[in-house]
Amino acid sequence: MNIHENVSLKPYNTFGLDVMAKYFIEIKQINDLKEIVKANKSDKLFILGGGSNMLLTQDINKIVIKLDLKGINIINEDDDYVYVEAEAGENWHEFVLWCIEHNYGGVENLSLIPGNVGTTPIQNIGAYGVEIKDVLHSCKALNMETLQVVDFTNAECEFDYRESVFKNALKNQYIILSATYKLTKQNHNLKVEYGAIKSQLDADNITSPSIRDISNAVISIRQSKLPDPKEIGNSGSFFKNPIVDRDSFERLYRVYPSMPHYVINEQEVKIPAGWLIETSGFKGYRLGDAGVHEKQALVLVNYGKAEGEQIKKLAETVQREVFNLFGISIHAEVNIF
């Protein structure tokens with residue numbers, strides 16, 4: 001277990017931002033993690049997973065822990081369900097492909113989302129009608145104060161839209177070690193109601209899709225709309241889709257009758273943030289090397305030499321103009337440091 005000094009984090013964040021870590025260490029064993037946490041107060045540590053859901057605006061004057069715990073194991077199963085535990089350092093998309101290879105259903109709609117398994121219970125990642133809360137059975141986390149490994153049930157994670165207890169009441173108190181997912185072995189509950197998936201399946205002449213077909217459809221859709229972080233720095237969707245009350249929605253709908261929307265319940269409606277941003281005129285907009293992607297306005301990108309502060313300034317500009325035009329606040333899904 002070696003601690004390195006003055007390490008660039010450019011290879012470790014999907015925005016490709018060249019910020020420096022004062023100290024940097026890769027952790028592959030839980031006992032090593034406990035040792036480093038025991039020797040340092042939590043406010044001196046910075047936990048780094050896949051680096052896919054963060055915007056780094058400054059050098060990190062802490063010990064950056066690159067969590068690299070690996071392993072996938074079946075915990076329990078019966079005729080209908082299998083409980084699969086994946087360690088925090090497993091790449092999420094590779095885990096999804098592993099599940100599909102074994103015909104385990106439930107995560108196929110979440111294909112090609114960047115990042116690692118350890119982030120999923122924190123962010124409650126979601127796409128195309130599925131969220132982690134729909135499949136997560138439990139997760140293990142290290143209490144940074146007591147060094148005890150604690151099991152959290154799905155309910156104890158307090159999931160909400162792109163939210164969890166780990167982003168709120170327990171923020172900076174726990175480190176996710178692994179997550180266990182309850183997946184189907186047969187009679188898969190296929191989610192194809194999102195128009196983009198159905199359209200892609202129709203284009204592929206697939207009428208009775210398998211979980212692999214849905215995964216392939218999602219991959220095709222995402223690749224057609226979203227930039228590859230290996231080619232253009234980005235963190236996927238930068239903003240959450242706002243949820244507004246029914247009165248606010250109806251007022252806007254009278255002005256913008258083509259506005260896409262999703263009814264949450266009788267009181268709330270979700271509006272795509274990408275549509276709001278595009279309608280505000282920001283699709284393809286650039287501020288130096290920071291930009292709004294030309295194909296998907298929900299994605300902010302680094303065209304090469306942007307600094308985190310530039311991307312943050314661009315995000316704030318987009319938020320301000322969307323609010324001025326629609327009276328709707330859009331909030332960052334990405335964690336900003």
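Tutor: Contact means heavy atoms within 4.5 Å, while helices (H or I, at least four residues) and strands (E, at least two) are DSSP runs numbered from the N terminus. The model is predicted, so local features need pLDDT of at least 70, side-chain atom pairs count only at pLDDT 80 or more, and totals for chains, interfaces and linings use all residues. Residues are numbered from 1 along each chain as its sequence is written, and side-chain values use heavy atoms, with hydrogens and water left out.

Student: Happy to start with α2, then. Within what arc do the buried residues of α2 fall?

Tutor: Buried means under 20% relative accessible area, exposed over 50%, and partly exposed in between (1.4 Å probe, protein chains only). In α2, residues 92–101, the buried ones are W92, H93, F95, V96, C99 and I100. They line one face of the helix, because the directions from its axis to the C-beta atoms fall within an arc of 155 degrees.

Student: Which elements do the buried residues of α2 pack against?

Tutor: Let's set the two sides apart. Exposed E94 and E101 sit on the other side of α2. The buried residues pack against β6 (72–77), β7 (81–87), α3 (120–123), β12 (174–184) and α5.

Student: Which residue caps the N-terminal end of α2?

Tutor: A polar contact is a pair of N or O atoms within 3.5 Å; within protein, one must be able to donate a hydrogen and the other to accept it, and residues adjacent in sequence count only if both atoms are side-chain atoms. Here the backbone nitrogen of H93 has a side-chain oxygen 3.1 Å away, and the residue giving that oxygen is N91.

Student: Over to α6. Which residues are exposed on the face of α6 turned away from its buried side?

Tutor: In α6 (residues 246–255), S248, F249 and L252 are buried. Their arc is 95 degrees, so they line one face of the helix. β14 (243–245), β16 (268–270) and α8 (308–326) are among the elements that cover them. The face turned away carries D247 and R254.

Student: Which phi does N124 take, positive or negative?

Tutor: Most residues other than glycine have a negative phi. N124 sits in the loop between α3 and β8 and is buried at 0% relative accessibility. Its phi, near 50 degrees, is positive.

Student: Where is L147 placed?

Tutor: L147 is another residue that is not a glycine, with a positive phi of about 65 degrees. L147 counts as buried, with a relative accessible area of 19%. Its place is the loop between β10 (136–143) and β11 (149–153).

Student: How far apart in space are N61 and A21, C-alpha to C-alpha?

Tutor: N61 belongs to strand β5, residues 60–67, and is exposed at 57% relative accessible area. A21 is 40 residues away from N61 in sequence, yet their C-alpha separation is 6.2 Å.
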